[in-house]
Amino acid sequence: MGLFSRKPAYCTICNKQITAHKYKAKREWYGVKSPLCSDCHLDKMQEHYDATLIKKCMTCGVKSKVTDLWEPRLQWDMEGLLCKKCFDEKELEFNKKRDFCGICGNKLGFIRYNPKNHWKIKGQLCKNCWDEQKAQLDKK
Ligand SMILES: [Zn+2]
Ligand SMILES: [Zn+2]
Ligand SMILES: [Zn+2]
């Protein structure tokens, strides 16, 4: 009798044979079929959880799904997530700032100077300000 013969089960995602517990795919995971191994089940749970997770935009505080929020760019030196509107604004602001000296605010030409890390100055500098900073901060 074939009733008790155990057919090996394979995870529908990674195709590994499932030796331990077989997990069922949830109905809301569109297109995912059962059974799943524990790893893939966990992955899917996490994925789905992340997609429904609501977080706040760190600038304006609007609440939105994590999947609709943007990660700030690396050079903005920010933590957290931004809504699309704030992301766009920030990008604009950042691009604008990039064209002006971080100290005197004069428009930078083609040649611009990066402040040294320990000067703790954001943005780039014109030659005058850079020379000044160097004279002030880097004197022995
Ligand atoms: Zn799997
Ligand atoms: Zn926002
Ligand atoms: Zn300047």
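**Figure 1. L125 in its loop.** In this predicted model, L125 sits in the loop that joins α2 (84-97) to α3 (127-137), where helices (H or I, at least four residues) and strands (E, at least two) are DSSP runs numbered from the N terminus. L125 counts as buried because 24 C-beta neighbours fall inside 10 Å; a residue is called buried if 20 or more other C-beta atoms lie within 10 Å of its own, exposed if 12 or fewer, and partly exposed in between, with the C-beta atoms placed from the backbone. Once residues up to four places away in sequence are set aside, L125 touches C101, G102, I103, R112, Y113, P115, W130 and Q133, a contact being scored if the C-beta atoms of two residues, placed from the backbone, lie within 7 Å. E89, by comparison, is 36 residues from L125 in sequence, and the two C-alpha atoms are 23 Å apart in space.

**Figure 2. G102, a contact of L125.** G102 belongs to the loop between α2 and α3, and it is classed as buried because 22 other C-beta atoms lie within 10 Å. Apart from neighbours within four places in sequence, the contacts of G102 are P115, I121, K122, G123, Q124 and L125.

Figure 3. As a general rule, most residues other than glycine have a negative phi, and most peptide bonds are trans. D77, which is not a glycine, has a positive phi of about 60°, and is found in the loop between β4 (63-65) and α2. D77 is classed as exposed because 8 other C-beta atoms lie within 10 Å. K120, also not a glycine, has a positive phi of about 55° and lies in the loop between α2 and α3. K120 counts as exposed because it has 8 C-beta neighbours inside 10 Å.

Figure 4. The peptide bond that runs from S34 to P35 is cis, with omega near -5°. P35 is placed in the loop between β2 (17-18) and α1 (38-52).

**Figure 5. The chain around these views.** The chain holds three helices and four strands, which follow one another from the N terminus as β-β-α-β-β-α-α. It is divided into domain 1 (8-52), domain 2 (54-94) and domain 3 (98-140), with bounds that come from an automatic or database domain assignment. The centres of domain 2 and domain 3, taken over C-alpha atoms, are separated by 28 Å. The radius of gyration of the chain is 27 Å, whereas a compact globule of 140 residues would have one near 14 Å; the value is taken over C-alpha atoms, and the globule rule is 2.2 Å times the number of residues to the power 0.38. Along its principal axes, the C-alpha trace spans about 90 × 35 × 25 Å. Buried residues account for 12% of the 140 residues, and among contacts with a separation of 6 or more, 20% join residues 24 or more positions apart.

**Notes to the figures.** Residues are numbered from 1 along each chain as its sequence is written, while chains are lettered from A and ligands numbered from 1 in the order in which they are written. As this is a predicted model, local features need pLDDT of at least 70 and side-chain atom pairs count only at pLDDT 80 or more, whereas totals for chains, interfaces and linings use all residues.
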